[in-house]
Amino acid sequence: MWCWPKRIWVIIHTVYVFGLLDLVQPHIRPLWLQKLARWFPRGRQYRQELPAVRLRLALESLGPIFVKFGQVLSTRPDLLPADYARELSLLQDRVPPFDSDVAIKVIEAELGKPLDAIYAHFNPQPVASASIAQVHEANLFAANGGVGQKVAVKVLRPNIAPVIDQDLALMAVGARWVEWLFADGKRLKPREVVAEFQNYLHDELDLMREAANASLLGRQFTDSSMLIIPAVYYDYCARRVLTIEWMDGIPVACLDRLREKNIDLHQLARYGVEIFFTQVFDNGFFHADMHPGNIMVADDGRYIALDFGIVGTLTDYDKRYLAINFLAFFNRDYHRVATAHVESGWVPPDTRVEELEAAVRAVCEPIFNKPLAEISFGMVLMRLFETSRRFNVEIQPQLVLLQKTLLNIEGLGRQLDPELDLWATAKPFLTRWMHNQIGIKALWKTLRQEAPDWAQMLPALPRKLNALVDEKRQLEWRDAYVHLLRTQRQQNFWLAVIALVLLAVFVFK
């Protein structure tokens with residue numbers, strides 16, 4: 001806590017230099033404070049820049065944790081105007097690598113051996129560096145003692161946790177001020193947003209969790225024709241060290257190199273959409289950091305996924321309502337979109353469905369009049385989120401990562417194939433999924449899943465029913481006994497009163 005004053009001063013100075021008060025002043029709720037804010041000094045160096053650009057530059061100057069927070073905010077068009085969301089999506093996690101000798105000490109401390117007893121070869125020069133960790137190339141020992149499997153070794157930055165905790169604590173304080181200062185503060189739930197950010201940022205600090213995420217995704221896509229997940233070597237993993245299979249591939253953003261390898265970019269774009277919907281709806285578990293820096297393409301045309309620190313999960317309830325909403329959009333059934341929002345609890349129960357339906361129609365109809373291949377599903381979501389403010393739509397924390405991933409996937413798909421028809425690729429998948437979830441086939445599947453529990457419960461059912469009956473009888477007897485005692489006490493009370501009255505009459509006669 002001793003360094004809080006210094007960090008707070010850095011934030012205040014940043015607000016001054018980049019003139020960020022101009023961004024928030026019109027939204028301050030107490031009018032007297034809004035007027036007072038006009039007199040606060042502003043820096044002049046960046047006044048010519050657009051407000052959204054100034055915010056991005058300010059977050060970059062505040063360091064990697066604020067950069068990551070800005071990246072999260074860029075996926076929340078329900079919180080920010082579209083131009084701010086687009087600008088914050090340009091934030092890059094540019095952090096110089098830390099000293100390789102420090103990385104080696106972390107590895108040896110975590111794995112309990114000297115480096116030359118762990119890896120047959122270790123390249124001290126990092127191949128990638130980010131705010132949380134950096135990656136080195138290495139080789140395991142072969143069975144005969146020689147140089148074996150090539151691996152990637154991810155090492156957590158030393159002393160990163162206190163820095164993260166300090167900035168997160170300041171963000172939490174800032175979130176409370178946002179709730180108090182801004183008219184829309186409570187609806188936007190800034191404290192919940194910061195808490196959600198805190199959860200998955202702390203998840204990134206435990207590389208064993210990332211290893212488990214990679215293993216689960218690997219099992220779900222075993223022998224997949226679309227996606228490769230690197231193998232995890234758990235004997236060489238710890239909280240601050242992760243060792244996984246080295247993957248050779250072409251960065252997905254290098255389109256010229258992909259064409260040189262005769263990779264079918266149209267098919268690759270469709271694969272991205274199918275992988276996303278498979279993870280979300282079939283598995284309920286998805287890679288939630290699918291930006292181009294974490295994706296490569298193998299020579300055989302399959303995706304290679306990297307960096308599994310951020311994943312998302314969805315319940316069956318979430319998946320069902322998401323599928324209903326997606327299909328309703330595809331079919332332009334705006335009434336079903338509105339009723340699904342009410343049924344799922346995403347809008348207050350007293351919302352007038354007809355008004356919500358009309359608002360959704362006004363947003364979507366102009367967009368759907370374009371050719372399907374030109375429609376951006378991400379833009380549809382952004383416009384809907386802007387409209388949702390009128391209806392007090394509750395922010396769904398469990399859907400934050402899903403929204404982010406969907407926007408990433410669509411952007412990636414359109415980069416590979418500008419003519420990608422996301423709707424045509426996704427609709428058959430969702431229709432098939434809904435068919436499997438509803439009807440006789442789905443009922444039979446549920447019965448088979450529940451059969452072991454029922455087989456265990458049925459033999460004991462008569463005994464449990466008898467116990468319930470006995471319990472009910474005992475409750476009835478207890479209630480009758482309590483009633484009898486209460487009645488008797490009342491009778492005794494009145495008898496005593498009558499006796500006292502008679503005694504008084506006799507004495508004072």
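The legends below go with close-up views of a predicted model.

Local features here need pLDDT of at least 70, side-chain atom pairs count only at pLDDT 80 or more, and totals for chains, interfaces and linings use all residues. Numbering starts from 1 along each chain as its sequence is written, and side-chain values use heavy atoms, with hydrogens and water left out.

**View A. Strand β3 and its burial.** Here's β3, residues 133-141, with seven of its nine residues buried, so the rest of the structure largely encloses it. Buried means under 20% relative accessible area, exposed over 50%, and partly exposed in between (1.4 Å probe, protein chains only). Strands (E, at least two residues) and helices (H or I, at least four) are DSSP runs, numbered from the N terminus.

View B. Strands count as paired if DSSP finds at least two bridges between them. β1 (residues 121-122) runs antiparallel to β3, joined by two bridges; look for Phe122, whose bridge partner in β3 is Ala138. β2 (residues 128-129) also pairs with β3 over two bridges, in the antiparallel sense, and here Ser129 has Gln134 as its partner. A hairpin of three residues takes the chain from β2 to β3.

**View C. The β3-β4 hairpin.** Eight bridges tie β3 to β4 (residues 147-156), and the two strands run antiparallel. Five residues sit between the strands, and Gly145 in the turn has a positive phi of about 95°.

**View D. Helix α5, residues 64-73.** Eight of the 10 residues of α5 are buried, so this helix is largely enclosed by the rest of the structure. Among the buried ones are Phe66, Phe69 and Leu73, along with Lys68.

**View E. Helices α15 and α16 crossing.** The axes of α15 (residues 334-343) and α16 (residues 353-368) come within 8 Å and cross at roughly 130°. Axes are lines fitted to C-alpha atoms, for helices over the stretch in contact, with angles running from 0 to 180 degrees between N-to-C directions. The pair is therefore oblique, given that under 35 degrees counts as roughly parallel, over 145 as roughly antiparallel, 65 to 115 as roughly perpendicular and the rest as oblique. Residues in contact (heavy atoms within 4.5 Å) include Tyr334, His335 and Val342 of α15 and Leu356, Arg361 and Phe368 of α16.
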